[in-house]
Amino acid sequence: MTRNERSEGAHPSSEGRAPRAVYIHIPFCTNKCHYCDFNSYVLKGQPVMDYLRALEHEMEHTVQQHPPGVIDSIFVGGGTPTVLTPEQMDYFLTSVRRAFPQWSPDIEFTMEANPGTTDADKLQVMREGGVNRISFGVQSFNNDLLTGIGRIHNTDDVYRSIDNAKRAGFANMSIDLMFGLPNQTVEMVGHSVEKALELDLPHLSIYSLKVEENTLFHAMYHRNELPLPSEEDELDMYMLIMDRMKAAGYEQYEISNFARPGYASRHNATYWRNEDYYGLGAGAHGYVGRQRHLNIKGVTPYNDACKQGLPRLDSFRVEEAEAMEDFMMVGLRMLEGICIERFSEQFNGALLDKVFAQPIKRLLKKGLLEPTEAGYRLTEQGLLFGNDVFAAFVGALAQGTKQ
């Protein structure tokens, strides 16, 4: 799953609505990448069919407890969902359709894929099962960099996989790229962006590397063995990306995401707008009715727990103050910004300009935020220093800025 598209955390939303978005986690991978801290396990020896049956049980228990609305988006991430065999894929997609039978006519059904894991038979099963969007984890068009971050595909696999998907009838595709990688230069980023644009796909996600705990890169970083680009070079990389994508006619609709008109990820917007979504599978987060949950992470413990009911590791209610802060931090990732009216709808008529008067005033003065007809958004400067903006809302209400 792509870094922004996976349910890394739940986001608060209004209560009482039936969820219309589904995230499902397939935790199996061919190998573990050096930067990856997602809940994933090397495929060899894993009880895959037991997992898919357990997932089916979780879906059944979930919809009994919280009946779904008409589903607008489904996102299958991991791991690498496309390591499933065609037979396993068919079983999985059939169980999804059984649990969530009512789909919007224009549903966005995304599945993550790694280059080299999508042959013709598997793509056909995916199409027949309702998948209509594929997100490929490409990361770079430089084979040496791919090796250095632990990827096992090369650029030939990228082209072959995309051609296979087109022949299978997939038109809505996205690829991920990364910048700020060890030994990566600004020129290398420009080359990857150029190669990505040549594919003429409707959507691209381009993320900066974050060195996360419990990864090989984290250990290397603390041994001073990770040759990362300077902060200046990383900023130049991001500026180059934004300029190239804009010149090619893509809309930057979120800090790390670019799309042709009409192809912005609907599932991403679920998170950024703090709307409810089901989170299913080992280690998945979900959010329904301002109740956040985290599932058990290990495959076998998850499988065992699903025999008894819902496989929860933790579940707790999100307090209103935290929900409001998340609304601001996540919503401002979108270039359209946050909507005052939507804030009022989610929080029982609360006035955004009153609740966050102090941080908004400071950020406007610094030139990091600007008003819109609907609310507020990041300025061009704010886009480059988004983390500073988001930090202004962390604990803001607890610190007494609510008025």
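Which residue stands opposite Arg 133 in β6? I started my notebook with that one, and I found Thr 110 there. A reminder to myself before going on: this is a predicted model.

**Entry 1: around β6**

I looked up the neighbours of β6 next. Strand β5, residues 103-113, is joined to β6 by four bridges, and the two run parallel. On to β7, residues 172-179: six bridges join β6 to this strand, again in parallel.

Then I asked myself how many of the residues of β6 are buried. The strand covers residues 133-139, and seven of its seven residues are buried. I kept the general rule in mind that side chains in a regular strand alternate between the two faces of the sheet. On one side of β6 I listed Arg 133, Ser 135, Gly 137 and Gln 139, and on the other Ile 134, Phe 136 and Val 138. Both faces are covered, with all of these residues buried.

**Entry 2: α2 against α3**

I moved on to a helix pair. For two packed helices, I want the angle between the axes and the distance between them. Helix α2 spans residues 86-99 and helix α3 residues 120-128; their axes come within 9 Å and cross at roughly 10°. Angles under 35 degrees count as roughly parallel, and α2 and α3 are therefore roughly parallel to each other.

Which residues make the contact? From α2 I wrote down Pro 86, Met 89, Asp 90 and Leu 93. From α3 the list reads Asp 121, Lys 122, Val 125 and Met 126. Sorted by class, this contact has five nonpolar and three charged residues, and no polar ones.

While I was in this part of the chain, I checked the loop between β4 (71-78) and α2, where Gly 79 is found. A cis peptide bond joins Gly 78 and Gly 79, with omega at about 20°.

**Entry 3: the sheet of β15, β17 and β16**

In what order do the strands of this open sheet come? I read β15-β17-β16, three strands with antiparallel pairing. The edges are β15 (338-339) and β16 (369-371), each pairing on one side only. Two bridges join β15 to β17, residues 375-378, and these strands run antiparallel. One of the pairs I followed is Cys 339, whose bridge partner in β17 is Gly 375.

I also looked for a helix on this sheet, and found α14, residues 357-366, packed on it. Helix α14 touches β16 and β17, and its direction makes about 100° with that of β16.

Is Phe 347 buried or exposed? Its place is in the loop between α12 (340-346) and α13 (352-355). The cut-off for buried is under 20% relative accessible area, and Phe 347, at 2% relative accessibility, counts as buried. Leaving aside neighbours within four places in sequence, I noted its contacts with Arg 290, Glu 320, Ala 323, Met 324 and Phe 327. I also checked Ala 321, which is 26 residues from Phe 347 in sequence and 9.8 Å away in space, C-alpha to C-alpha.

Asn 348 belongs to the loop between α12 and α13. This residue is exposed, with a relative accessible area of 72%. Asn 348 has a positive phi of about 55° although it is not a glycine.

I then turned to Asn 224, which lies in the loop between α7 (216-222) and α8 (231-247). Its phi is positive, near 60°, in a residue other than glycine. Asn 224 is exposed too, at 74% relative accessible area.

**Entry 4: the whole chain**

I counted 16 helices and 17 strands in its secondary structure. The radius of gyration is 21 Å, close to the 22 Å that the globule rule gives for 403 residues, so the chain is as compact as a globular protein of that length. Along the principal axes, the C-alpha atoms fill a box of roughly 55 × 50 × 45 Å. Buried residues make up 57% of the 403. Of the contacts with a separation of 6 or more, 73% come from residues 24 or more positions apart.

Technical notes:
Residues numbered from 1 in each chain as written. Predicted model: local features only at pLDDT ≥ 70, side-chain atom pairs only at ≥ 80, totals over all residues. Heavy atoms only, no water. Axes fitted to C-alpha atoms, helices over the stretch in contact; angles between N-to-C directions. Parallel < 35°, antiparallel > 145°, perpendicular 65-115°, else oblique. Contact = heavy atoms within 4.5 Å. Nonpolar A, V, L, I, M, F, W, Y, C, P; charged D, E, K, R; others polar. Buried < 20%, exposed > 50% of the residue type's maximum accessible area, 1.4 Å probe, protein only. Pairing = 2+ DSSP bridges. Rg over C-alpha atoms; globule rule 2.2 N^0.38 Å.
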